[in-house]
Amino acid sequence: MSTSLNDEDRQILLQLAREALENAVRGIALLPLNTETLTQTLRENGASFVTLTIRNELRGCIGALEAYQPLAEDVREHAIAAALKDPRFPPVTESELRLINIEVSYLSAPQELEYSTGEDLPSKLRPQIDGVILKQGRRRATFLPQVWEKIPDPEEFLNQLCYKMGVPPNTWRKAKLQVYIYQVEEFHELN
């Protein structure tokens, strides 16, 4: 991460995500972002994931692994996508809006992880710290560092990530995959 977010930046991003989410679900067009009112950090390109939960259960999660647009715009785009375009869930309804909690993850740039064999790979991962991207050809999948809370075992974490990528769970043991790690700055709405 080039810069850490201060409390004001975090609050602004959560407000932007909430506004984008509610407008999208209600079918209201989102006004263009006035970047003049934003801090330099929020105007710089940044990668984010927006996670929606209801009673701590996942309701949608979409994001980008690489920065390609201003962070504030990235958060707005992914709040809308998490609500309406996550293929695992039907679109969020208006009646769910008051139940939804928004979490934003601000990602560092992914770094390739060097490892020699599949057996070596789990020991290279840092549970609770690293987000992990697996790549094999055109296939790719990631888990944010927060997923370690639900899958604390590195081997099972890799199995589930392979499954998410659409390959057999133990592929990481047998094939040399491209592996990247990143860290996040995570924050969420207060209930």
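**Stop one: the ring cluster**

Select F143, W148 and F157: ring pairs link these three into a cluster. Rings of Phe, Tyr and Trp (its six-membered ring) pair if their centres lie within 6.5 Å, with planes under 30 degrees apart called stacked, over 60 edge-to-face and the rest tilted. Before going on, note that this is a predicted model, where local features need pLDDT of at least 70 and side-chain atom pairs count only at pLDDT 80 or more, while totals for chains, interfaces and linings use all residues. Residues are numbered from 1 along each chain as its sequence is written, and side-chain values use heavy atoms, leaving out hydrogens and water.

A search of the whole structure turns up 2 aromatic pairs. F143 and F157 make an edge-to-face one, 5.3 Å centre to centre with 70° between the planes. F143 sits in strand β6 (residues 139-143) and F157 in helix α5 (residues 154-165), so this pair ties together parts 14 residues apart in sequence. Helices (H or I, at least four residues) and strands (E, at least two) are DSSP runs, numbered from the N terminus. W148 counts as buried at 0% relative accessibility; buried means under 20% relative accessible area, exposed over 50%, partly exposed in between (1.4 Å probe, protein chains only).

**Stop two: a lysine over a ring**

Jump to Y115 and K176. K176 lies over the ring face of Y115, 3.7 Å from the ring centre (the rule: NZ of Lys or CZ of Arg within 6 Å of the centre and within 35 degrees of the ring normal).

**Stop three: helix α3**

Select residues 71-84, which is α3: 14 residues reaching 20 Å from first C-alpha to last, close to the 20 Å expected at 1.5 Å a residue (that is, 1.5 Å times one less than the number of residues). How many of its residues are buried? The count is 10 of 14, including L71, V75 and A79.

**Stop four: the cores**

A nonpolar core is a set of buried Ala, Val, Leu, Ile, Met, Phe, Trp, Tyr and Cys residues joined through side-chain atoms within 4.5 Å. In the largest, of 28 residues, L13, L21, L42, L52 and I102 touch the most other members. Helix α1 gives the most to this core, with 8 residues. Apart from it lies another core, of 20 residues, among them L113, I151, L158 and C162.
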